[in-house]
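Open the model in a viewer and follow the selections below in order.

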Amino acid sequence: MDIGLLTIIIFDGLNYAAVLFLIAVGLTFVYGVLRILNISHGAIYGLGAYMATWLTILLLNKGLPPYLSYFVLLTGAIIIGLITGPSIERLCLRRIYGSDIHIQLLLTFSILLILDDAMKLIWGVEPMFMSEPYFLLGQFSVGGIIYPRYTFLLIGVSASFGVFLVWLVRGTRFGKLVVSVIQDREISVAMGINVGLIYTAAFTMGALSAAIGGAFIAPTISVAPGFAAEVVVMSFAVVAIGGLGNLEGAALGSLIVGLARALAIHLVAELELAVIYLIMVLVLAFRPQGLFGAVEERRI
Amino acid sequence: MPKINLLPGLFLSILAVGTWLGAMVLPVNAAPPGAPAELKVAFVDFLSGPAAIFGTSGRYATEWLVDKWNKEGGIKGVPLKLVILDEAGTPAKNVTEFRRLVMEEKVNVVLGFTSSANALAIAPVAEELKTLTLIHVAGTNRLTEDHKLHYTFRTSNHQAADSVLLARYVLKLKPNLKSIAGANEDYAWGRDSWEAFMGAIKTLQPGVEVKAELWTKIQAGEYSAEISKLLAARADVVHSSFWGGGLVTFIKQALPRGLFKQSLVALSTGAQVDQFVGKDMPDGVVLCPRATGAYFLDPEPEKDPLQKEFVEGYHKKVGRYPDYVSYRGYQAIGGMKAAYEKAIAQTGRWPTTEEVIKAFKGLTWRVPGGDIHMRAEDHQAIHDGLVGITKMSKKYGFALMEKRERFPGEQIMPPVGMKTPDWVKTLKK
């Protein structure tokens with residue numbers, strides 16, 4: 001394989017990995033702290049994309065300088081993250097901590113369906129398009145292949161959010177509190193930690209990651225109800241490969257899936273879809289907890 | 001003086017006056033004997049999800065026509081009642097909904113289905129439930145080539161027409177074509193479209209090299225690696241049967257990367273999204289309204305009253321110009337109405353489903369853009385197909401399909417009894 005093709009594969013892989021990581025990292029973070037597999041994550045991703053698109057179109061039509069559209073994307077995502085995160089955690093999830101996993105899955109799946117319909121009610125069923133932020137930054141060439149510079153922005157946003165989360169968990173007092181709550185909730189309560197607040201904050205971080213993912217993907221796609229399904233399913237494959245609840249696992253899982261897909265497209269196009277699930281099956285067969293997942297002790 | 005019996009004369013006079021009065025009072029469209037209070041027609045198409053830009057177009061056209069016809073007296077005095085349903089979901093879900101429509105909602109006719117996977121799943125159930133079912137958009141040739149259909153009809157050309165039409169057109173634009181590449185979705189529609197396009201090109205221009213064949217999930221939404229591969233392949237022509245929101249995303253992602261400058265890109269459903277893509281659609285892209293015989297500017301509305309009425313009425317209702325899905329919606333429900341009317345004329349009463357089917361076989365009916373002919377043997381409609389190349393229009397604010405060419409149905413559709421893969425091998429320039 002020549003260097004040019006290898007560079008292209010790496011770049012395509014990184015591009016897709018960035019998209020997947022933005023979604024998977026929130027999913028895995030929420031599971032790590034709350035021990036809840038949040039199926040509604042995909043709907044928050046969709047809401048982020050809708051809000052960002054709608055807000056950007058609105059403000060661009062009102063004469064907003066196009067370069068400010070990136071801040072508008074971020075603002076749209078933050079609005080969605082701050083609304084959905086606390087409200088879902090406080091109103092719904094709080095009632096089912098410690099419940100059977102089936103209840104958790106059913107509840108978060110119900111939230112997904114409700115939010116999906118809410119999107120249709122608010123923005124209708126016809127797709128929305130907005131591409132100014134995508135085209136604005138121009139292009140560059142790798143191995144003779146042209147890429148939009150927006151790809152860098154996507155990778156940058158994704159990596160920054162990952163680094164931010166790692167810093168938040170490992171380098172701040174909040175992170176120490178989160179870790180203590182993960183280790184032992186009852187002792188944490190006894191030590192005076194506001195566990196409820198930690199849960200709300202952690203879930204909101206997860207919601208923010210999904211919304212930011214949606215908002216920054218939006219300029220590259222047509223935003224329509226149900227558009228999130230494909231990439232969200234893929235992000236579940238990512239966390240299964242990396243290990244649920246592990247930030248490094250999400251990063252590695254995203255890279256593996258992104259690169260494997262790019263490799264397949266360029267070398268054996270027929271295997272584009274199969275290769276990702278093949279990797280997942282292999283990982284789960286030999287390491288059911290995922291590459292970075294810790295083996296859980298049997299309680300009894 | 002003989003006694004004159006006035007009674008017969010009186011009786012005849014009363015009868016004559018009565019008939020005359022009856023003719024004056026009763027509407028012209030008096031329902032034929034045995035007519036139901038209404039004809040219940042289900043319309044099933046994507047109303048949510050990335051394919052909604054398809055479904056809503058077909059729905060608007062169908063609603064517009066039903067409103068218009070009901071104001072004019074329906075079908076011989078019987079009003080039509082539409083039951084609208086979302087096609088989004090799996091084939092299994094659509095089969096369940098189809099059964100519910102027939103058995104619980106008691107619809108008389110089911111019309112619709114954009115997804116080939118759904119159409120293939122529905123046809124056997126339509127046969128089992130003995131329900132007249134008209135497939136309006138779904139393109140896989142397998143529907144009418146691999147199945148013996150009785151209750152199911154497809155009221156438009158299948159994908160072979162799109163692919164062969166595109167092949168003939170790109171060879172006109174690039175007579176020295178050396179290489180092709182394809183990016184299509186990994187299911188019946190995408191696979192069949194590419195096979196037919198590639199087969200037609202190879203037959204019409206032997207020696208053409210295939211540089212890349214890419215397969216994505218339906219409405220994948222992320223095509224960066226595929227676009228890189230297409231750019232690296234540097235093929236003269238890139239073919240894609242992507243559709244709906246997925247196609248818009250592909251165009252958006254490919255545009256800044258120069259794919260449209262490097263290769264002649266041919267999009268079999270492209271004419272459907274040009275109004276949505278707006279100013280982002282580049283010039284010089286081959287667009288095909290899926291081998292449909294009408295485009296909102298062709299035939300010219302001023303020269304075709306049916307076209308003028310539809311384009312103006314649709315634009316007033318929707319705020320957009322009709323696209324090929326709208327025209328195919330028109331073809332389907334227009335065909336249904338024509339078949340019922342023919343069956344009524346043949347029987348002198350409201351027809352049974354079997355009588356409508358008999359009338360549908362070999363029927364030719366008029367729509368904006370020309371005649372549609374339903375082949376009796378395989379229940380496959382055949383009609384003209386249009387193709388053209390994009391040119392941005394300041395007047396409309398989106399790219400128009402210019403340099404249009406109209407191909408007769410016989411040139412772009414396989415004859416009865418011949419399967420598409422075999423037929424494309426027999427094509428002649």
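Select chain B and colour by burial: buried residues make up 55% of its 429 residues, where buried means that 20 or more other C-beta atoms, placed from the backbone, lie within 10 Å of the residue's own. This is a predicted model, in which local features need pLDDT of at least 70, side-chain atom pairs count only at pLDDT 80 or more, and totals for chains, interfaces and linings use all residues. Residues are numbered from 1 along each chain as its sequence is written, and chains are lettered from A in the order in which they are written.

The chain has 16 helices and 15 strands, taken as DSSP runs (H or I, at least four residues; E, at least two) numbered from the N terminus. Because its radius of gyration is 24 Å, close to the 22 Å that the globule rule gives for 429 residues, chain B is as compact as a globular protein of that length; the radius is taken over C-alpha atoms, and the rule is 2.2 Å times the number of residues to the power 0.38.

Next, select 364-367 and 381-382 of chain B: these are β11 and β13, the edge strands of an open antiparallel sheet in the order β11-β12-β13. Strands pair if DSSP finds at least two bridges between them. B:M374 stands opposite B:A381.

Finally, show chain A. The contact (C-beta atoms within 7 Å, placed from the backbone) takes 35 residues from chain B and 35 residues from chain A. On the chain B side, select α8 (224-233); α8(B) gives the largest share, seven residues.

How values were computed
Two residues are in contact if their C-beta atoms, placed from the backbone, lie within 7 Å. A residue is buried if 20 or more other C-beta atoms lie within 10 Å of its own, exposed if 12 or fewer, and partly exposed in between; C-beta atoms are placed from the backbone.
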